[in-house]
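Q: Can we go through this structure together? I'd like to ask a few things as I look at it.

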Amino acid sequence: MADAETDDTGPEAAKTTDAALARWAEFVAARRETFVNGLVHRGLRLVEDRSDGATSNATLRNPRITVTIVDGFPYTPPKVLANEPVPRSWHRENDGHLCLYAPHDHNGQPWLNPAAFLERVGEWFSKNEAG
């Protein structure tokens, strides 16, 4: 039988876990807020934000694109839709979102930098228009 000092299932362990989860939720919320502010600073308008703690659900727009910050952010990239019709491309998801990142891109989370993210979106449009 384990003694009280090494028991990792008691009330102290629960408090430690709760504190760790709270810190993680704060981290996710801060990353999201920094990203959203960076996009707003670059001309997108925040049109909806139902995010809460570690749960992300925010939408930003400009005349060209709609960016949705989905649950799973910052570990999952934002989703981007073109606001105007663009030629169909194999670099689009089945639901119409732009395909911006390959699975191997997820390790470095390049989308966390708002300027780099918007540059990637611009590159997608340039490459799509070029064929």
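Q: Is Tyr 75 buried, partly exposed or exposed?
A: This is a predicted model. In this model Tyr 75 counts as partly exposed, because its relative accessibility is 41%, which lies between the 20% and 50% cut-offs.

Q: Where does Tyr 75 lie?
A: Tyr 75 lies in the loop between β3 (65-69) and β4 (79-82).

Q: Which residues form a nonpolar patch with Tyr 75 on the surface?
A: Leu 21, Trp 24 and Phe 27 form that patch with Tyr 75. Together the four have about 410 Å² of accessible area.

Q: Switching to α1. How many residues has α1, and what does α1 reach from its first C-alpha to its last?
A: α1 has 31 residues and reaches 44 Å. That is close to the 45 Å expected at 1.5 Å a residue.

Q: Which residues of α1 are buried?
A: They are Ala 13, Ala 25, Val 28, Arg 32, Phe 35, Val 36, Gly 38 and Leu 39.

Q: And what covers the buried residues of α1?
A: The cover includes β1 (45-49), β2, β3 and α2 (114-130).

Q: What about before α1: is Gly 10 buried or exposed?
A: Gly 10 sits in the segment before α1 (11-41). Gly 10 counts as buried because its relative accessible area is 17%, and the cut-off for buried is under 20%.

Q: What separates the C-alpha atoms of Gly 10 and His 91?
A: They are separated by 50 Å, and the two residues are 81 residues apart along the chain.

Q: New topic, the largest nonpolar core. How many residues has it, and which have the most contacts inside it?
A: The largest nonpolar core has 22 residues, and those with the most contacts inside it are Leu 39, Ile 65, Val 80, Leu 100, Phe 117 and Val 121. The elements that give two or more residues to this core are α1, β2, β3, β4 and α2. α2 gives the most, with five residues.

Q: What does Val 80 touch, leaving out residues up to four places away in sequence?
A: Val 80 touches Ile 65, Thr 66, Val 67, His 97, Leu 98, Leu 100, Phe 117 and Val 121.

Q: Last one. Is Thr 59 buried or exposed?
A: Thr 59 is buried, because its relative accessible area is 8%. Thr 59 lies in strand β2 (residues 58-61). Not counting residues up to four places away in sequence, the residues Thr 59 touches include Arg 45, Val 47 and Val 67.

Terms used
Residues are numbered from 1 along each chain as its sequence is written. This is a predicted model: local features need pLDDT of at least 70, side-chain atom pairs count only at pLDDT 80 or more; totals for chains, interfaces and linings use all residues. Side-chain values use heavy atoms; hydrogens and water are left out. Helices (H or I, at least four residues) and strands (E, at least two) are DSSP runs, numbered from the N terminus. Buried means under 20% relative accessible area, exposed over 50%, partly exposed in between (1.4 Å probe, protein chains only). Contact means heavy atoms within 4.5 Å. Patches are made of residues with over 30% relative accessible area and no salt bridge: like charges are joined within 9 Å, nonpolar side chains (Val, Leu, Ile, Met, Phe, Trp, Tyr) within 5 Å. Accessible areas come from the Shrake-Rupley method with a 1.4 Å probe; for residues, only the protein chains shown count as cover. A salt bridge is a side-chain nitrogen of Lys or Arg within 4 Å of a carboxyl oxygen of Asp or Glu. The expected span of a helix is 1.5 Å times one less than its number of residues. A nonpolar core is a set of buried Ala, Val, Leu, Ile, Met, Phe, Trp, Tyr and Cys residues joined through side-chain atoms within 4.5 Å.
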